[in-house]
Amino acid sequence: MAKKKKKAAEVLKEEVKTETPAPASEKVEVEDLPEIPTDPFDQAVAAKNRGNKYFRGGRYELAVKCYAEAIEKCPEDKTIDLATFYQNRAAAHDQLDDLEAVIADCDVAVKLNNKYVKALDRRARTMRKQAMKDLAKDIKESRSIEDVMVVSPDVGGVVDRKSVV
């Protein structure tokens, strides 16, 4: 029995030896771990880059969130970069067909950088698209009114069908 206890003690000592950390001279470097930026601007750029990956992957809702994070973290004195973040978010909103959000983000981007052609162009295209949607809606509504109304040559104008006997 004493031999078994002695043998168990030796095995335990071996296990303890193998679990001790390597000496300082044998330090292990950890690779492939991304550094987490501490600078607010670097954090903003990292968020924008994540947004770009989501955008390219067609995950526009997540891209919008990342661009919003970039806008939130970016220092106010980085106006050109802020304009880019707003324009990128407008592009994601455009893919989601949220025209009002596209125009709002492009407005801010142009205020921050009045020479930002990409934002000016996107805003103009979106405003045309919005106008066409509004026109189509108006035409559809007017056609439904035409179904109820009839032109009377005797009166020389539009008369409600219900009043005509």
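In the predicted model, the largest nonpolar core holds 14 residues, of which Cys 74, Leu 82, Phe 85 and Ala 109 touch the most other members. Helix 2 (40-56), helix 3 (60-73), helix 4 (79-95) and helix 5 each supply at least two residues of this core, and the largest share, four residues, comes from helix 4. When residues up to four places away in sequence are not counted, Phe 85 touches Ala 44, Val 45, Lys 48, Tyr 67, Ala 70, Ile 71 and Cys 74. Tyr 67 is also in contact with Asn 52, which, leaving aside its neighbours within four places in sequence, touches Asn 88 as well. Asn 52 has its place in helix 2 and, because its relative accessibility is 18%, it counts as buried, the limit for that class being under 20%.

These details belong to a protein whose secondary structure comes to six helices and two strands, with the elements running α-α-α-α-α-α-β-β from the N terminus on. Of the 165 residues in the protein, 25% are buried. Among contacts with a separation of 6 or more, 44% are made by residues 24 or more positions apart. The accessible surface comes to about 12700 Å², and carbon and sulfur atoms account for 55% of that surface.

Helix 5, formed by residues 99-112, contains 14 residues and reaches 20 Å from its first C-alpha to its last, which is close to the 20 Å expected at 1.5 Å a residue. The buried residues of helix 5 are Leu 99, Ala 101, Val 102, Ile 103, Asp 105, Cys 106, Ala 109 and Val 110. One of these, Asp 105, meets the side chain of Arg 89 in a salt bridge, with a distance of 2.7 Å from N to O. This pair links distant parts of the chain, since Arg 89 lies in helix 4 and Asp 105 in helix 5, 16 residues apart. Both partners fall in the buried class, Arg 89 because its relative accessibility is 17% and Asp 105 because its relative accessibility is 5%.

The structure holds nine salt bridges. Side chains of opposite charge can pair when their charged atoms come close. Another such pair is formed by Lys 133 and Asp 97, whose closest N and O atoms are 2.8 Å apart. Lys 133 lies in helix 6 and Asp 97 in the loop between helix 4 and helix 5, so the pair ties together parts that are 36 residues apart in sequence. Lys 133 is partly exposed, with a relative accessible area of 39%, and Asp 97 is likewise partly exposed, at 37%. These two residues also take part in a network of salt bridges that links Asp 94, Asp 97, Arg 122, Lys 129 and Lys 133.

Arg 125 counts as partly exposed at 36% relative accessibility, and Asp 121 counts as partly exposed at 36%.

Helix 6, which spans residues 117-148, is also the place of Ile 139. Together with Met 132 and Leu 135, Ile 139 makes a nonpolar surface patch of about 280 Å². Ile 139 is partly exposed, its relative accessible area being 36%.

Note on methods. Residues numbered from 1 in each chain as written. Predicted model: local features only at pLDDT ≥ 70, side-chain atom pairs only at ≥ 80, totals over all residues. Heavy atoms only, no water. Buried < 20%, exposed > 50% of the residue type's maximum accessible area, 1.4 Å probe, protein only. Contact = heavy atoms within 4.5 Å. Areas by Shrake-Rupley, 256 points an atom, 1.4 Å probe, with all protein chains shown as cover. Expected span 1.5 Å × (residues − 1). Patch = residues over 30% accessible without salt bridge, like charges linked within 9 Å, V, L, I, M, F, W, Y side chains within 5 Å. Salt bridge = Lys/Arg side-chain N within 4 Å of Asp/Glu carboxyl O. Core = buried A, V, L, I, M, F, W, Y, C linked by side-chain atoms within 4.5 Å.
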